[in-house]
Amino acid sequence: MTRVITVASGKGGVGKTTITANLGVALATYGEEVIVLDADVAMANLELILGMEGKSVTLHDVLSGDADIEDAIYEGPGGVKVVPAGISLEGLRKIKMDRLENALEVLVERADILLIDAPAGLEKDALAAIAAAQEMILITTPEVPSISDALKTKIIANRLGVDILGVVINREQHDKTFLTISEIETILEVPVIAVIPEDTEVSRAAAFGEPLVIKNPKSPTSNSVMQLGADLIGEE
Ligand code: ADP
Ligand code: MG
């Protein structure tokens with residue numbers, strides 16, 4: 001059975017796309033057939049982080065009814081397969097999120113794990129990405145506004161019957177003003193499954209269009225993502 005896992009947060013800018021890209025590559029290096037799908041159709045940047053912008057067929061074309069999803073699957077770095085959303089404003093005009101479900105049926109046939117990079121917020125596009133998966137990873141920074149938004153996303157996911165695998169705390173900085181792991185677990189009532197440090201190399205890697213787990217595989221940040229991938233699939 002293919003696992004469909006949405007990477008969601010609530011608040012924007014907390015690291016969903018960064019973690020989806022790097023986790024996708026991590027899982028592919030463990031030998032899994034992985035597709036990462038950029039479901040953030042309005043603010044797409046998975047393809048930028050993976051150095052894959054400018055593809056001719058994207059999810060925009062599929063959701064506009066102008067292309068088949070098979071033609072929007074591309075070979076990405078480290079053996080991960082990627083469905084880019086498309087970054088043009090023009091491409092957004094005709095999309096219908098209702099078409100996502102049919103596209104996902106095809107993707108599920110072609111992967112062991114489908115990772116979905118969700119939009120922020122709880123609008124229609126975010127709800128479609130949440131409802132599309134059986135499992136969810138919640139991303140938050142250790143700050144109160146981010147955790148508060150993650151809580152709302154968690155409640156919606158629970159209502160939709162999505163199994164929340166755990167919380168990933170991103171951009172951790174050993175700063176006493178931040179909430180601790182146990183405080184975050186208490187607020188969200190979900191276990192913390194990874195802690196990813198603040199790392200200036202993350203934005204540098206993004207600028208190069210190369211995932212950090214490939215560009216800088218021995219860094220603590222890459223190690224945390226690799227370990228998260230291993231834990232998800234029960235690797236040693
Ligand atoms: P989202 O998809 O949730 O909006 P992104 O993955 O686009 O978030 O990340 C938002 C910004 O934060 C980007 O500029 C990214 O480079 C930066 N970022 C993400 N994770 C880290 C980290 N662990 N350390 C430093 N910067 C990070
Ligand atoms: Mg994003």
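Two residues are taken to be in contact when their C-beta atoms, placed from the backbone, lie within 7 Å. Residues are numbered from 1 along each chain as its sequence is written, and chains are lettered from A and ligands numbered from 1 in the order in which they are written. The model is predicted, with local features requiring pLDDT of at least 70 and side-chain atom pairs pLDDT 80 or more, whereas totals for chains, interfaces and linings use all residues.

**View 1. The whole chain.** The chain contains 10 helices and eight strands (DSSP runs numbered from the N terminus: H or I, at least four residues, for helices; E, at least two, for strands). Its radius of gyration is 16 Å, close to the 18 Å of the globule rule for 236 residues, so the chain is as compact as a globular protein of that length (computed over C-alpha atoms; the rule is 2.2 Å times the number of residues to the power 0.38). The average pLDDT is 95 (the predictor's confidence in each residue, from 0 to 100).

**View 2. The open sheet.** Eight strands follow the order β3-β4-β2-β5-β1-β6-β7-β8, with mixed pairing (two strands pair if DSSP finds at least two bridges between them). Strands β3 (74-75) and β8 (192-197) are at the edges with a single partner strand each, so one side of each has no neighbour in the sheet. Strands β2 (residues 34-38) and β5 (residues 113-117) are parallel and share five bridges; L37 has I116 of β5 as its bridge partner.

**View 3. Helix α5 on the sheet.** Helix α5 (residues 124-131) lies across β1, β5 and β6, at about 145 degrees to β1 (axes are lines fitted to C-alpha atoms, for helices over the stretch in contact; angles run from 0 to 180 degrees between N-to-C directions).

**View 4. The surroundings of ligand 1.** Ligand 1 is surrounded by 18 residues, the closest being G15, K16, T17, T18 and S203 (C-beta atom, placed from the backbone, within 6 Å). Elements α1, β7 and α8 (201-208) each give two or more residues to this shell.
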